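Trainee: I'd like to learn how to read a model like this one. Where do we begin?

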Amino acid sequence: MAAPYRVALVAFPGIRAFDVSVITEVWGPDRTDRGAPAFELRRVATDTTPVPMRGGLTLLPDRPLGWLTDADLIVVPGLDDHLTPAPPPVLDALRRAHARGTTLAALCGGAFTLAQAGLLDGRRALTHWNLIDLFRTHHPRVTVVPDALFIEDDNIWTAAGTAAGIDLCLHLIRLAHGAEAAATIARSMVTAPFRTGTQAQFVEHPTPRTDRDADSLAAVREHALRHLHEPLTVADLAAHAGMSPRTFARHFTAATGTTPLRWLLDQRIAAAQRLLERTDLPIPEVARRAGFGSEVTMRQHFASRLATSPRAYRAAFSAGAPASAPAGSNPMAR
């Protein structure tokens, strides 16, 4: 049996209880009986003193900072006060972890902690949309990306607020263990298994028309998922919704935060991932069933979106493949 994938939750006074709960819910429960990978989640801090959180809650650390050298992934929760200084030993440990090649991830205002450590200087990062101005003021050397749910730069992941933290955690599961593992955990949490990180954080100007179109657009998405194997176009989806292509594209983007073509491509990639993990179908047949039309087209999209090939993805994540990657490695680049 493969060793558990080791995840470190970095704890210090001021961390946000919601983000702690998200990290704990994603990597804490044993779901191996449902086919999920085995995880070892540890609460890492400067010492074992209970860490206070808002609302009268406390978190009891169970490992010292030295355990970060054993971690495959280090996750930093957001902060209740986003300017809370992290203890210098924590910042030093995060710098050393990144230098070793360990993957780092910050949820919401956790980006402020990584920025305090200087790890985001000259790199792209994001945080909750309502914190962007504050973040830019205090960390001007960071390139802030405002319109996304999560992004990566140099093996450092940052996420927008609240629910986007769940999206990032599931995405990290998907990268390390495959789409089926992420879907299994998402089902357990009763949450959506896939939202692309390039979606907008929020719809700034919702309209009554957009609200009235919501059911129609949901029906179109359901129709598309049932017919992914067909050569669907935006015009086809617009016709199913009873709209012109331009009107359909505008309302679809307003409702979902992404374009119809990008959404359709995301669904095709996810369908191909599931087929590669679950079946022994030939690669050309996987491409056909996922709606890519040809193996060449699917291979191009896998290369651009996942930095791997369909064959390499199957070798890494199909039944019988290793359950986890070595510490500090990126399984999608293998």
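This is a predicted model: local features need pLDDT of at least 70, side-chain atom pairs count only at pLDDT 80 or more; totals for chains, interfaces and linings use all residues.

Trainee: At what angle do the axes of H10 and H11 cross?

Mentor: Two packed helices are described by the angle and the distance between their axes. Here, helix H10 (residues 260-278) and helix H11 (residues 283-290) cross at roughly 140°, and their axes come within 9 Å. (Axes are lines fitted to C-alpha atoms over the stretch in contact, with angles from 0 to 180 degrees between N-to-C directions.) Arg 268, Ala 271, Ala 272, Leu 275 and Leu 276 of H10 meet Ile 283, Val 286, Arg 289 and Ala 290 of H11; contact means heavy atoms within 4.5 Å.

Trainee: How many helices and strands does the chain have?

Mentor: The chain has 13 helices and 11 strands, which are DSSP runs numbered from the N terminus (helices H or I, at least four residues; strands E, at least two). Of its 334 residues, 50% are buried, meaning under 20% relative accessible area with a 1.4 Å probe, protein chains only.

Trainee: Which residues touch the most other members of the largest nonpolar core?

Mentor: A nonpolar core is a set of buried Ala, Val, Leu, Ile, Met, Phe, Trp, Tyr and Cys residues joined through side-chain atoms within 4.5 Å. The largest one has 78 residues, and Ile 15, Trp 27, Ile 74, Leu 94, Leu 114 and Leu 120 touch the most other members. Helix H5 (residues 163-177) gives this core the most, nine residues. A separate second core holds 32 residues, including Leu 237 and Phe 302.

Trainee: What about phi, say at Cys 108?

Mentor: Most residues other than glycine have a negative phi. Cys 108 has a positive phi, near 50°, and sits in the loop between strand E7 (103-106) and helix H3 (110-116). Cys 108 is buried too, at 5% relative accessible area. Asn 155, also not a glycine, has a positive phi of about 65°; look for Asn 155 in the loop between strands E10 (150-153) and E11 (156-159).

Note on methods: Residues are numbered from 1 along each chain as its sequence is written. Side-chain values use heavy atoms; hydrogens and water are left out.
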